[in-house]
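Okay, thanks for coming, everyone.

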Amino acid sequence: MKKKLINMIVLAGLLPLACTDKFDELNTDPTKASGETFDPNLLLPSAQFNHANATAGYNGTILFQSMWVQILSSTTSGAANYYSNADKYVISSNTNSYLASSWNTGYRAASLAYEMEQLTKDKPALVNLTNVAIIMQVQALATITDIYGDVPYTQALQAKTGITLPVYDTQESIYKSLLTRLDGAIAALNPAAALPANDAFANYKGDITKWKKYGYSLMLKLAMRLTKADLATAKTYAEKAAAGGVFTSVADDAYIVMDDANGYTNGNGAALSTPADIYQVRWSKVMIDYLKAGNDPRLGKIAEVPAAGLIANQSITIAGDANPANQLGLPNGYDMNGGATDITKSAGYPGGTGTGGDVTPIGKYSRPAGIYRSRSGPIFVLSYAQTELLLAEAVTRGFAVGGTAAAHYKNGLSAGIQSVGKYGAAAVIDAATADAYATAHPLDAANALKQINEQYWATTGIQFNFVEAWSNWKRSGFPVLTPINYVGNFSNGTIPRRQPYPTTEATQNSANYSDAVGRLASGDNWVSRVWWDK
């Protein structure tokens, strides 16, 4: 026994010497992937989801931009009510956290796309994934700068290299770099190379033809953002996008169908399937009046008057009246506090509904229909309807993008109507109906810019793409909206034109933050304008 023990000790002592050339293997965690073994395709859906999530639901936009541009309306008020941020521009207990949500989630999307680029840039076989990663960075970073203005860009996403306090680049330089990078990435896409896997855009499946169209449609959108700040650059890139090949049908729409069961929740659906939220959140009077004026077929799909009474108004399962003739938009800026701004004091107040203790003063106003209450519903990123409407404006401005403004407007209107069908079978409007409506409501050349951009507002609003509706409203000035001047508002009775930076930036990146704030006309507030907002 003693001899056996000695032999075992000797063998044990020899083991480390025998394995000295295998230290890499011994020190590698088998449960974690390295840059050599990790599949970068796995980052693509996360980048797409984070970008979509930055523009949907409780990440801020349904609380802010949806009502800043009077797509939705609410009777909530006071510091404890989330929706007072949007409808009345009043600080709530959660304002600071929502200011940071678009920033943090947006940069998260850009960071994931950047990491995907770094893992693939030296691998020619993955050229498509490399350039899809660049396109997603452009999409995410453009959205961030649209919301905040000057932001970290050239030194952003560089924490691995030790840069944790990035400088803020000017929005002008960011936009010009984004357009250049986007141009190069689209050109480098190669249909003959390996397709990206795990693509979260519905119906894309890594199809490089669709990604090229997506890239050029994104280029068109970014170009048109500059029509008042840099018309020459806007014209150059709008024409380049059109020549390259933008979206050509609703089948090209870029959207993500969320998956609540696996943690990918549609934030808008989550908000509107919460009884307290569905009760006081309604379509605005501005939106309902706009749709009713033209007998728009979308109205009967997107809106419903709840069944009478407080209980029905707070229910997510009791269906309402979808008859277009009965829809009524809630005027913005009112509450249910009993004072001068109580909804019962509004012009044309229709009265409440219910009997006994089951009475609600807002029961006759239209709420978003059940199609919007799915936590696994779609989130639109960029649509064919947007693209055609932007082409209509480009032609109106004299850009050489091909076609006529009237034809592009007709296509955009029809596509916007058809796009509602992405919310499910109950929302489908067939192409024949949409085309017939668009033919009967042609573009009026004398009022083209107004008509095009009002339709852009309605279409992106109905798609719940609230940041885009707000950004294009800032750029175009349409529709003409009456600001809300509610007591205690944070924007001096004007519609907010940017979000202030997250409060942590002033303390954690103070020098660079201060430089950026110094370039804002009136400081880091809700009414300073970003560079392209003239």
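Before anything else, a word on how I name pieces: helices, meaning H or I with at least four residues, and strands, meaning E with at least two, are DSSP runs, numbered from the N terminus. With that in hand, I can tell you that Ala 347 sits in the loop between α15 (310–313) and β7 (367–368). And please keep in mind that what you see is a predicted model.

Okay, let's zoom out. The C-alpha trace spans about 100 × 60 × 50 Å along the principal axes. For 534 residues, a compact globule would have a radius of gyration near 24 Å, and the protein has 26 Å, which agrees. On the contact side, take the contacts with a separation of 6 or more: 74% of them are between residues 24 or more positions apart.

Now the surface. The accessible surface comes to about 20,900 Å², and 57% of that belongs to carbon and sulfur atoms. As for burial, 55% of the 534 residues count as buried. And charges? You have 42 positive and 42 negative side chains, with the centres of the two sets lying 1 Å apart.

Let's go inside. The largest nonpolar core has 142 residues, and the members that touch the most others are Tyr 214, Trp 283 and Tyr 501. Which helix gives the most to this core? That would be α7, residues 127–148, with 13 residues. There's also a second, separate core of 5 residues, and among them are Leu 330, Ile 343, Ile 362 and Tyr 365.

Leu 330 comes up again with Ser 74, so let me show you that one. Ser 74 is in strand β1, which covers residues 72–74. Its relative accessible area is 0%, so Ser 74 is buried. What is Ser 74 in contact with, leaving aside its neighbours within four places in sequence? The answer is Met 67, Tyr 83, Asp 87, Lys 88, Gln 280, Leu 330 and Tyr 334. Lys 474 is 400 residues from Ser 74 along the chain, and their C-alpha atoms are separated by 22 Å.

Next stop, Leu 272. You'll find Leu 272 in helix α11, residues 267–272. Leu 272 is buried too, because its relative accessible area is 1%, and the cut-off for buried is under 20%. Beyond the neighbours within four places in sequence, the contacts of Leu 272 include Ile 62, Ile 278, Val 281, Ile 316 and Phe 464. Also in contact with Leu 272 are Pro 368, Tyr 372 and Arg 373. Ala 369 is 97 residues from Leu 272 along the chain, with 9.5 Å between their C-alpha atoms.

I mentioned Phe 464, and its backbone deserves a look. Phe 464 has a positive phi of about 60° although it is not a glycine. Where does Phe 464 lie? In the loop between α19 (448–462) and α20. Phe 464 is buried, given a relative accessible area of 5%.

There's another positive phi to point out. Leu 157 has a phi near 65°, and again that's a residue other than glycine. Leu 157 lies in the loop between β2 (151–152) and β3 (168–169). Here the relative accessibility is 22%, so Leu 157 counts as partly exposed.

While we're on the backbone, there's a cis peptide bond. The bond runs from Phe 478 to Pro 479, with omega near 0°. Pro 479 is in the loop between α20 (466–476) and α21 (503–508).

Last one, Thr 404. Thr 404 is in the loop between α16 (384–396) and α17 (405–419). With a relative accessible area of 45%, Thr 404 is partly exposed. The C-alpha atoms of Thr 404 and Ala 392 are separated by 7.1 Å, with the two residues 12 apart along the chain.

That's the tour. Happy to take questions.

Definitions and conventions. Residues are numbered from 1 along each chain as its sequence is written. This is a predicted model: local features need pLDDT of at least 70, side-chain atom pairs count only at pLDDT 80 or more; totals for chains, interfaces and linings use all residues. Side-chain values use heavy atoms; hydrogens and water are left out. A nonpolar core is a set of buried Ala, Val, Leu, Ile, Met, Phe, Trp, Tyr and Cys residues joined through side-chain atoms within 4.5 Å. Buried means under 20% relative accessible area, exposed over 50%, partly exposed in between (1.4 Å probe, protein chains only). The radius of gyration is taken over C-alpha atoms; the globule rule is 2.2 Å times the number of residues to the power 0.38. Contact means heavy atoms within 4.5 Å. Accessible areas come from the Shrake-Rupley method with a 1.4 Å probe; for residues, only the protein chains shown count as cover. Lys and Arg count as positive and Asp and Glu as negative; His and the chain ends are not counted. The place of a charge is taken as NZ of Lys, CZ of Arg, CG of Asp or CD of Glu.
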